[in-house]
Amino acid sequence: MNAIRVAHRQTKNWADRIALSMVRLLRWGMDTATGYTHDKGSVKPKGDSNPASLSQNKGWFAMTERKWLVRFLFLESVAGVPGMVAASVRHLHSLRRLKRDNGWIETLLEEAYNERMHLLTFMKMAEPGRFMKFMILGAQGVFYNGFFLSYLISPRICHRFVGHLEEEAVLTYTRAIAEIDAGNLPKWAKFEAPEIAVRYWNMPEGHRTMRDLLLYVRADEAKHREVNHTLSNLEQKSDPNPFVSECK
């Protein structure tokens, strides 16, 4: 899990550019809502030579443990939407056409469930206030309906969008890990992962710190990044899902 790196798929056509532009817009809104700031500096995770992972904040705008948790909560409340929307649309499409879905639905549902487990884990660490809950409610309402309509129009662009969104998630968790390694988040130095996380990821004894937890979450996001970019490359109505052993 330490080998996972920040990566970005270059845009190749107008559809890719639309997807990336929407992710950048969402990223700006999320940064604003969660008070996220980032300045390039000298802090990197151990053994990481990737310049994209540099992270350093100082003074009033420093990212504290609380600010990181607020960002994680907001991020995961949004990240759990695409998989469920895509799975429900494809499920109804399969019923309507009286044809199999070629194994896509299961993978999309697994992705949505995984993102929800991320959210439930972080909620054990910080209970969002009323304002934050209101922000999540509004963002989810807008995002769910917008993604639903977009998926009806172009599933390919939507999966590319999610792929780029997961790139940003990997970047966020990489920077948080860098902050822990640099000693900028002392409350998390010896913080034990919640029991829900220990059971879900089957975390072994001696590897249940906050850093270990973020490594598991980042690994999940990196896999979602790979899956959605791959799904976007496929023929949406006929190609089988390459991430399942048996198409249903």
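Helices here are DSSP runs of H or I with at least four residues, strands are DSSP runs of E with at least two, and both are numbered from the N terminus. What you're looking at is a predicted model, where local features need pLDDT of at least 70 and side-chain atom pairs count only at pLDDT 80 or more, while totals for chains, interfaces and linings use all residues. Residues are numbered from 1 along each chain as its sequence is written, and side-chain values use heavy atoms, with hydrogens and water left out.

**The overall build**

- The protein chain has 7 helices and 0 strands, so its elements, read from the N terminus under that DSSP rule, go α-α-α-α-α-α-α.
- Of its 248 residues, 50% count as buried (buried is under 20% relative accessible area, exposed is over 50%, and partly exposed is in between, using a 1.4 Å probe and protein chains only).
- Take the contacts (heavy atoms within 4.5 Å) in the protein chain with a separation of 6 or more: 77% of them come from residues 24 or more positions apart.
- Helix 2 has 33 residues and reaches 49 Å from its first C-alpha to its last, close to the 48 Å expected at 1.5 Å a residue (the expected span is 1.5 Å times one less than the number of residues).

- The mean pLDDT (the predictor's confidence in each residue, from 0 to 100) of the protein chain is 84, and 87% of its residues reach 70 or more.
- Confidence is lowest in helix 1, at a mean of 82, and highest in helix 6 (residues 195-201), at 95.
- Along residues 41-45, pLDDT stays under 50, and the model gives this stretch 22 contacts beyond four places in sequence.
- Residues 49-57 also have pLDDT below 50, with 36 contacts in the model beyond near neighbours in sequence.

**The largest pocket**

- First, the terms: on a 1 Å grid over the protein atoms alone, a cavity is a set of points where a 1.4 Å probe fits but cannot get out, and a pocket is an open set with protein on both sides within 12 Å along at least five of seven lines; lining residues have an atom within 4 Å of a point.
- Grid points are joined across faces, edges and corners, and a volume is the space filled by probe spheres set on the points.
- The largest pocket holds about 550 Å³ of space.
- Its lining is made of 22 residues, and Met22, Leu26, Phe143, Gly146 and Phe161 lie nearest the centre.
- Helix 1 (14-34), helix 2 (65-97), helix 4 (130-153) and helix 5 (155-181) each put at least two residues into that lining.
- Sorted by class, the lining has 18 nonpolar, 4 polar and no charged residues (Ala, Val, Leu, Ile, Met, Phe, Trp, Tyr, Cys and Pro count as nonpolar, Asp, Glu, Lys and Arg as charged, and the others, Gly among them, as polar).

**The second largest pocket**

- This pocket holds about 310 Å³ of space.
- Val89, Arg90, His93, Pro155 and Lys237 lie nearest its centre, out of 16 lining residues.
- Helix 2 and helix 4 each supply at least two residues of the lining, and helix 2 gives the largest share, with 7 residues.
- By class, you get 6 nonpolar, 4 polar and 6 charged residues here.

**Closed-off spaces**

- There are 2 cavities of 30 Å³ or more, and the largest cavity has a volume of about 60 Å³.
- Residues lining the largest cavity include Val23, Leu26, Arg27, Arg71 and Glu168.
- Helix 1, helix 2 and helix 5 each supply at least two residues of this lining, which divides into 6 nonpolar, 1 polar and 3 charged residues.

**Residues to look up**

- Serine 21 is found in helix 1 and is partly exposed, with a relative accessible area of 46%.
- Serine 21 and phenylalanine 161 sit 140 residues apart in sequence, yet 8.8 Å apart in space, C-alpha to C-alpha.
- Leucine 98 has a positive phi of about 55 degrees although it is not a glycine, and at 77% relative accessibility it counts as exposed.
- Asparagine 202 is another residue other than glycine with a positive phi, near 55 degrees, and it is exposed, with a relative accessible area of 65%.
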